[in-house]
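Look through the sequence and the 3D structure shown here.

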Amino acid sequence: MNIAHLLLGAAQEFRDIPALARGDAVHLDHWNLWRKVSVMSAHLTARFGLSRGDRVAFAMTNCVESIEVMYAIWHAGLCAVPMNAKLHAREFAFILENSGARLCFVTPDLTTTIAEAAREAPALKEIVDVTTGAYALMQGGDAGPVADCEPTDTAWLFYTSGTTGRPKGAMLSHRNLLAMTLNYYADVDRPPAGSSIVHAAPISHGSGLWNFPMVARGVTQVFPESGHYDVPETVGLMNRWPDCSIFLAPTMVKRLIEHGSVSELKPGALRLITYGGAPMYVSDLKRALDTLGNVLCQLYGQGESPMTITHLSREIHADRRHPRWEQRLASAGLADTCVEVRVVDDEGRKVPVGEVGEIIVKGDTVMSGYWNNPEATARSLRSGWLWTGDVGAFDEDGFLTLKDRSKDMIISGGSNIYPREIEDVLNLHPAVAECSVVGRPHPEWGEEVVAFVVARPGANLSPAELDRLCLDNIARFKRPKDYRFVDALPKNNYGKILKTELRTKL
Ligand code: AMP
């Protein structure tokens with residue numbers, strides 16, 4: 001079983017339907033994408049001498065070539081190592097060295113950085129810029145047959161975003177990726193052939209993972225010409241391409257609804273926004289629903305069980321008359337079809353409904369382990385269960401509410417405090433643009449709560465006002481003992497707030 005068969009199937013079934021588009025223009029239909037990929041794959045094995053299981057990395061600003069490269073890699077039975085284009089040279093060096101990648105594809109903006117990083121990655125023999133003759137050369141010659149793979153072969157080394165330490169390469173097999181694809185149809189959506197997806201978020205992460213359910217259904221994958229998320233450009237592409245889906249991080253949804261160009265979105269242009277990867281505050285979610293209509297579906301997953309742990313469907317978002325509608329919007333929804341999800345104590349015993357514990361997951365989407373890291377694998381995979389490091393609670397209807405990463409939880413005077421609960425309250429204040437809550441060591445209480453707050457431009461915010469808001473909404477002991485007003489919060493390349501960095505500022 002080789003995940004590249006999804007493209008072969010699409011080439012047969014959706015032959016002339018555009019597979020890839022660059023901005024407004026069609027790049028390749030499904031048949032020609034398949035042809036191109038099968039020729040490129042022959043070069044990977046013959047010219048570059050790569051064989052089953054070898055790693056091929058890429059560092060590319062979002063572009064059509066990233067899909068060509070990925071499918072050529074799988075067609076040849078190799079393993080893709082997608083890297084976020086915004087990483088630092090040192091981070092690229094770590095991933096290249098750790099994965100032992102033999103070849104790396106780049107866009108021209110990253111040639112110098114990758115060449116610098118390559119000095120620390122002795123296994124890396126070649127760097128190919130996809131805009132040069134070296135890449136064009138890979139398009140000549142005969143097509144090779146699709147390689148035989150076992151379902152357990154690693155297809156994608158997914159480097160975690162490393163908010164708590166060095167990134168780890170989650171090994172995702174062909175089977176994991178196929179299970180994730182089928183789960184999309186079961187729980188998220190079944191997009192019709194000829195509909196579209198705009199890849200505005202990094203292809204190395206969620207948006208790239210969504211390529212599978214799109215390829216398999218003959219959906220046109222559209223890459224913004226800018227290579228990144230520009231709201232007016234994205235709105236233009238949603239209007240241009242039919243029945244459009246898009247994956248956005250919560251902060252990107254917020255930027256969309258706060259940008260004037262959202263009013264130019266044509267009725268019916270947007271089929272679906274899947275959002276996830278970080279918490280979306282209820283106040284933002286309600287505004288998004290009011291502005292965009294019933295087009296939102298939330299996902300909770302992690303690189304170790306990609307895009308699949310729980311989901312909050314479009315229907316639940318729309319069910320405003322439900323007595324617990326708001327509570328449900330604040331949750332991450334119900335367990336996905338393809339996995340079993342439990343909330344457990346430290347010994348792995350299920351905790352009762354309503355009680356908080358660590359979230360663990362089992363199923364065909366769960367990674368086989370971390371690349372070359374048996375210690376981390378043993379910590380995360382225990383008796384077939386993935387320990388997510390996330391803390392949450394189920395309600396009586398099976399809705400899972402995420403509290404926090406277990407490492408971010410604050411323990412003050414013996415009580416657990418979940419930063420997200422306090423952040424939710426602070427976000428209610430109209431002058432708060434963003435905030436993040438962390439624990440500071442305290443000699444008597446163990447830890448005390450500190451809030452970092454970014455005020456909206458021109459707003460006048462005082463600690464007293466925020467304190468009042470907390471006193472009105474949450475238990476006294478949870479309210480921040482210190483408010484730090486800052487211009488911006490430190491974030492990683494996926495827009496996730498780096499609490500580790502905030503803690504160093506305490
Ligand atoms: P990554 O492996 O980089 O995708 O990061 C996964 C982590 O992001 C999860 O373990 C969660 O802590 C967080 N996350 C993912 N989806 C959600 C969501 N829908 N709501 C809140 N946090 C999320």
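Domain bounds come from an automatic or database domain assignment. On that basis, the protein chain is divided into domain 1 (5–390) and domain 2 (409–503). This is a predicted model, in which local features need pLDDT of at least 70 and side-chain atom pairs count only at pLDDT 80 or more, while totals for chains, interfaces and linings use all residues. Residues are numbered from 1 along each chain as its sequence is written, and side-chain values use heavy atoms, with hydrogens and water left out.

**The two domains**

- The C-alpha centres of domain 1 and domain 2 are 31 Å apart.
- Contact means heavy atoms within 4.5 Å; by this rule, 21 residues of domain 1 are in contact with 14 residues of domain 2.
- Buried area is the accessible area (1.4 Å probe) that two parts lose on being put together, summed over both.
- Between domain 1 and domain 2 this area is about 1600 Å², and carbon and sulfur atoms give 47% of it.
- A polar contact is a pair of N or O atoms within 3.5 Å; within protein, one must be able to donate a hydrogen and the other to accept it, and residues adjacent in sequence count only if both atoms are side-chain atoms.
- Three residue pairs (both at pLDDT 80 or more) are in polar contact across the interface of domain 1 and domain 2.
- On the side of domain 1 that touches domain 2, α11 (250–258) and α12 (282–292) each supply at least two residues; helices (H or I, at least four residues) and strands (E, at least two) are DSSP runs, numbered from the N terminus.
- That side of domain 1 has nine nonpolar, eight polar and four charged residues, where Ala, Val, Leu, Ile, Met, Phe, Trp, Tyr, Cys and Pro count as nonpolar, Asp, Glu, Lys and Arg as charged, and the others, Gly among them, as polar.

**Salt bridges**

- Side chains of opposite charge can pair when their charged atoms come close.
- A salt bridge is a side-chain nitrogen of Lys or Arg within 4 Å of a carboxyl oxygen of Asp or Glu.
- The whole structure has 27 salt bridges.
- Lys36 forms one with Glu68, with the closest N and O atoms 3.0 Å apart.
- Lys36 lies in helix α2 (residues 30–46) and Glu68 in helix α3 (residues 64–75), so this pair ties together parts that are 32 residues apart in sequence.
- Buried means under 20% relative accessible area, exposed over 50%, and partly exposed in between (1.4 Å probe, protein chains only).
- Lys36 counts as buried at 16%, and Glu68 is buried at 0%.
- Between domain 1 and domain 2 the count is one salt bridge.
- Arg456 forms a salt bridge with Glu258, with the closest N and O atoms 3.8 Å apart.
- Arg456 is partly exposed at 29% relative accessibility, and Glu258 is partly exposed at 39%.
- Lys254, Glu258, Asp284, Arg287 and Arg456 are linked in a network of salt bridges.
- Asp345 forms a salt bridge with Arg349, the closest N and O atoms being 2.9 Å apart, and Asp345 is partly exposed at 24%.

**Val344**

- Val344 is found in strand β16 (residues 339–344).
- Val344 is buried, with a relative accessible area of 1%.
- Beyond its neighbours within four places in sequence, Val344 is in contact with residues including Arg349, Ile360 and Trp387.
- Val344 and Ile246 are 98 residues apart in sequence and 33 Å apart in space, C-alpha to C-alpha.
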